[in-house]
Amino acid sequence: MITEHPRSGGDAAVVEAIRIANTGRKGAIPAPPFAEARAMFDAGLAAGMPAAPKVRYHEDVVGGVPGWWCEPPEANPETGLLYLHGGCYVLGSAEALRHFAGQLAVRARTNAFVADYRLAPEHPFPAAIADAVAAFRGLAGRLARIVVAGDSAGGGMTLALLATVAPDDRLRAQLKGAAVMSPWTDLALAGESMITRAAADPIFTEAVLAHFAGLYLQGTDPTDPRASPLYGPAPGRLPPIRIDVGENEVLLDDTLRYARRLEAAHLYVDAHVWAGMPHVFPFSLGRLSAASTCIDEIGAFLSDCLSTEPRNRP
């Protein structure tokens with residue numbers, strides 16, 4: 001099912017401010033070494049995301065993968081959320097995304113672990129997805145029921161993780177659902193929205209995404225399903241999946257094509273297209289009313305998936 005959300009008049013000015021703020025940066029490609037670009041990316045994310053009240057944060061290693069726990073006071077100790085951050089496989093960190101994951105954890109009433117998977121180009125494909133699978137396996141050894149969430153590249157990696165886990169009966173039984181925001185499902189960049197949304201997207205260009213894909217893949221076929229879940233055969237069984245995407249982003253078709261593929265395979269997918277919204281707009285929590293609504297809905301979806309009697313079923 002694909003649901004279209006109307007534009008919120010009150011959000012228009014904020015979206016325009018985002019566009020203006022990114023005018024000089026859109027299309028810019030950071031040069032190696034990436035320490036400065038990573039620090040700036042993390043600082044921007046951390047500064048813009050409010051911390052959820054009473055959530056405790058601490059570092060840990062799960063399945064050999066370092067990361068941060070986000071622990072709300074009302075979390076169910078038998079459940080957990082694995083969060084995979086975005087950043088085109090080159091940028092981003094668990095520390096920078098911990099407050100956003102904490103917001104989801106509070107709403108889902110579960111503890112969240114944000115994985116600090118290895119980044120390219122120092123650690124090219126398949127390092128990131130290998131770390132995601134290892135972290136999930138580590139959580140599966142501790143918890144009864146798990147959901148996974150991610151944004152952008154982390155969203156694509158979440159969907160690749162689902163397909164990787166699907167053949168394992170035990171792990172699939174523990175994986176109860178997934179929620180992804182603006183997932184990057186096609187590193188071949190074949191979606192029409194790369195062209196039709198090129199002007200509307202205030203953040204990405206096709207050239208920037210192609211550059212980052214090259215840094216991550218380093219010669220690997222971009223249609224490898226572990227990198228681009230759009231191209232893998234639809235597994236016979238998947239947990240319920242929710243996808244949220246902005247109308248004004250070049251990755252719009254990465255969501256729509258993936259959702260339609262799962263629908264054709266009669267799998268449960270609940271996709272939402274938000275009019276006028278940019279890439280991973282839920283990060284603008286506290287600024288965009290659509291972000292607040294979206295995060296609340298994602299939290300309710302994940303909470304339901306983790307319950308012993310969920311309403312959402314594939």
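## Cysteines

A disulfide is a pair of cysteine sulfur atoms within 2.5 Å. In this predicted model, a search of the whole structure finds zero disulfides. Cys70 is in no disulfide, and the cysteine sulfur nearest to that of Cys70 belongs to Cys294, 18 Å away. For Cys88, the closest cysteine sulfur is also in Cys294; the distance is 19 Å, so the two are too far apart for a bond.

Both Cys70 and Cys88 are buried. The relative accessibility of Cys70 is 0%, and the relative accessible area of Cys88 is 4%.

## Salt bridges

The count of salt bridges comes to 13. One of them joins the side chains of Asp131 and Arg118, with 3.0 Å from N to O. This pair links distant parts of the chain, 13 residues apart: Asp131 belongs to helix α4 (residues 127-140), while Arg118 sits in the loop between β5 (111-115) and α4. Asp131 is buried at 10% relative accessibility, whereas Arg118, with a relative accessible area of 37%, is partly exposed.

Another salt bridge pairs Arg172 with Asp169, their closest N and O atoms lying 2.9 Å apart. These two residues are separated by about one helical turn because they are three residues apart in helix α6 (residues 169-174). Arg172 counts as buried at 16% relative accessibility; Asp169 is exposed, at 54% relative accessible area.

Arg257 and Asp254 form a salt bridge in which the closest N and O atoms are 3.8 Å apart. Both residues lie in helix α9 (residues 252-264), where a spacing of three residues places them about one turn of the helix apart. Asp254 is buried, with 1% relative accessibility, and Arg257 is partly exposed, with 25%. Salt bridges link Asp254 and Arg257 with Asp186 in a network.

## The largest pocket

The largest pocket holds about 1300 Å³ of space. Its lining is made up of 38 residues, and those nearest the pocket centre are Asn22, Arg25, Phe41, Leu45 and Ile203. Helices α1 (12-21), α2 (35-48), α3 (94-108) and α8 (206-217) are the elements that each give two or more residues to this lining. The largest share comes from α2, which supplies seven residues.

By class, 24 of the lining residues are nonpolar, nine are polar and five are charged.

Methods: Residues are numbered from 1 along each chain as its sequence is written. This is a predicted model: local features need pLDDT of at least 70, side-chain atom pairs count only at pLDDT 80 or more; totals for chains, interfaces and linings use all residues. Side-chain values use heavy atoms; hydrogens and water are left out. On a 1 Å grid over the protein atoms alone, a cavity is a set of points where a 1.4 Å probe fits but cannot get out, and a pocket is an open set with protein on both sides within 12 Å along at least five of seven lines; lining residues have an atom within 4 Å of a point. Grid points are joined across faces, edges and corners, and a volume is the space filled by probe spheres set on the points. Helices (H or I, at least four residues) and strands (E, at least two) are DSSP runs, numbered from the N terminus. Ala, Val, Leu, Ile, Met, Phe, Trp, Tyr, Cys and Pro count as nonpolar, Asp, Glu, Lys and Arg as charged, and the others, Gly among them, as polar. Buried means under 20% relative accessible area, exposed over 50%, partly exposed in between (1.4 Å probe, protein chains only). A salt bridge is a side-chain nitrogen of Lys or Arg within 4 Å of a carboxyl oxygen of Asp or Glu.
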